[in-house]
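Please keep the sequence and the structure in view while reading.

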Amino acid sequence: MKYYINLFSPNTALAFSESDQEISGFRISRKAYVENQHINIGDKFICYCTKIQRFIGILEITSNFFIDSKPIFTQEDDPFTLRFKVKPIAWLPLEKGIPIHENIIWNHLSFTQKLPNDSTRWTYMVFSSPTLWPKEDCEYLEQVILQQQSEMKDYPFSEAEKKKVRSLTKVRVSSEKETVIEIPDETSQNKANTSKEERESIQIQATLAEIGEKLGYKIWLPKSDRSRVLNKWKPLQNNTLLENLPLVFDGPTLKVIENIDVLWIKRHSIVRAFEVEGTTAIYSGILRMADLLALQPMLDIKIHIVASIERREAVFEQINRPVFAFMEKGPLAEICTFISYESVKELRKEPHLEHMNDSIVDEYVEYSND
């Protein structure tokens with residue numbers, strides 16, 4: 001038997017609570033991982049709620065995976081269509097969920113016990129699901145969660161957690177569709193402008209360029225960044241870094257595109273676009289992505305905001321702003337994903353990148369409403 005982490009947002013946790021609790025779902029981009037892992041009947045999901053960082057349940061898998069689009073976790077266009085039938089072994093209300101920073105958890109997990117309590121170096125463990133987790137950690141968590149289901153000890157929400165739960169609001173974006181929005185706390189913009197953070201953001205641009213080249217793409221970098229990035233990245237081919245964009249767009253669109261931090265390009269098409277948020281206010285890159293989609297709503301490209309783990313929640317707050325919920329192509333939160341610096345570094349370590357395609361990136365992305 002194996003254990004896998006199963007990530008819920010406060011909204012999807014509530015949706016599961018209100019359902020018959022027989023189905024757990026994931027994004028279809030996790031299909032290759034699920035197939036490779038051979039997730040079996042009898043394996044278990046350890047359930048964790050993002051944003052409030054609490055363990056909230058244990059689910060036993062009772063079927064092989066299947067694909068079904070019947071709405072469960074959202075009212076329309078449910079994105080969690082890769083599904084398993086499950087049986088709850090334990091399921092806790094959010095306010096009874098056990099925070100990972102509680103000593104009973106923090107001091108016993110292999111990836112947190114040696115870290116200071118305010119560290120974020122463990123969060124790579126909760127960037128995607130389902131993901132295989134250490135068996136000893138999960139056996140311990142199962143014991144603690146079952147004990148909590150019996151005792152129902154109170155873990156009151158902090159003021160920050162209350163804001164995170166309250167700020168998630170559903171709005172109707174069309175006659176048939178709702179989406180989640182978030183009103184961000186303007187004091188939490190978390191601007192980064194130190195020389196250390198600037199150097200790290202340049203290194204991440206260089207790493208994304210290196211990965212893109214290995215995957216077989218041409219690379220575009222803003223001309224203002226090129227000299228600094230090329231100090232960190234040496235293209236293997238002379239023609240990898242494009243001097244001019246091979247794209248046919250009007251002037252305003254090209255002006256936006258030219259300033260995006262990293263583009264992966266195949267022939268005359270942008271495949272993926274990355275904004276690296278290291279030294280600017282979080283919303284600058286998000287606005288650039290939104291501008292691009294507003295100017296060219298028919299573009300079919302994957303767009304990503306890349307930032308340190310410490311800025312993850314600030315990124316998600318901005319992506320979920322109400323103004324981005326009413327875009328022609330759909331809410332930005334359903335289109336634009338987050339990738340942490342740490343995930344970029346892990347992606348670079350993937351063996352045989354030269355023989356993969358860009359879908360490998362989807363193994364490392366995070367959606368704001370998962």
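## The sheet and its order

Five strands form an open sheet in the order E11-E12-E13-E14-E15, with mixed pairing; strands and helices are DSSP runs numbered from the N terminus, a strand (E) having at least two residues and a helix (H or I) at least four, and two strands pair if DSSP finds at least two bridges between them. The edge strands, each pairing on one side only, are E11 (218-220) and E15 (336-340). On average, and with direction ignored, neighbouring strands of this sheet are turned by 25 degrees against each other; axes are lines fitted to C-alpha atoms, for helices over the stretch in contact, and angles run from 0 to 180 degrees between N-to-C directions.

The model is a predicted one, in which local features need pLDDT of at least 70 and side-chain atom pairs count only at pLDDT 80 or more, while totals for chains, interfaces and linings use all residues. Residues are numbered from 1 along each chain as its sequence is written, and side-chain values use heavy atoms, with hydrogens and water left out.

## Strands E11, E12 and E13

E11 and E12 run antiparallel and are joined by three bridges, and the bridge partner of Ile219 in E12 is Trp264. E12 (residues 262-266) also pairs with E13 (residues 269-276) in the antiparallel sense, over five bridges. Across this pairing, Leu263 stands opposite Ala273 in E13, and Lys266 has Ser269 as its bridge partner.

The hairpin of E12 and E13 has two residues between the strands, and Arg267 takes a positive phi near 55 degrees there. E12 is mostly covered, since four of its five residues are buried, where buried means under 20% relative accessible area, exposed over 50% and partly exposed in between, with a 1.4 Å probe and protein chains only.

## Helices across the sheet

Helix H9 (residues 283-295) lies across E13 and E14 (302-307), running at about 175 degrees to E14. Helix H11 (residues 341-348) lies across E13, E14 and E15, and runs at about 75 degrees to E15.

Tyr217 is found in the loop between helix H6 (195-214) and E11, and is buried, with a relative accessible area of 8%. Leaving aside neighbours within four places in sequence, the residues in contact with Tyr217 (heavy atoms within 4.5 Å) include Trp264, Ile265, Lys266, Val271 and Asp358. The side chains of Tyr217 and Asp358 are joined by a polar contact of 3.1 Å.

Conventions: Polar contact = N/O pair within 3.5 Å; in protein donor to acceptor, adjacent residues only side chain to side chain.
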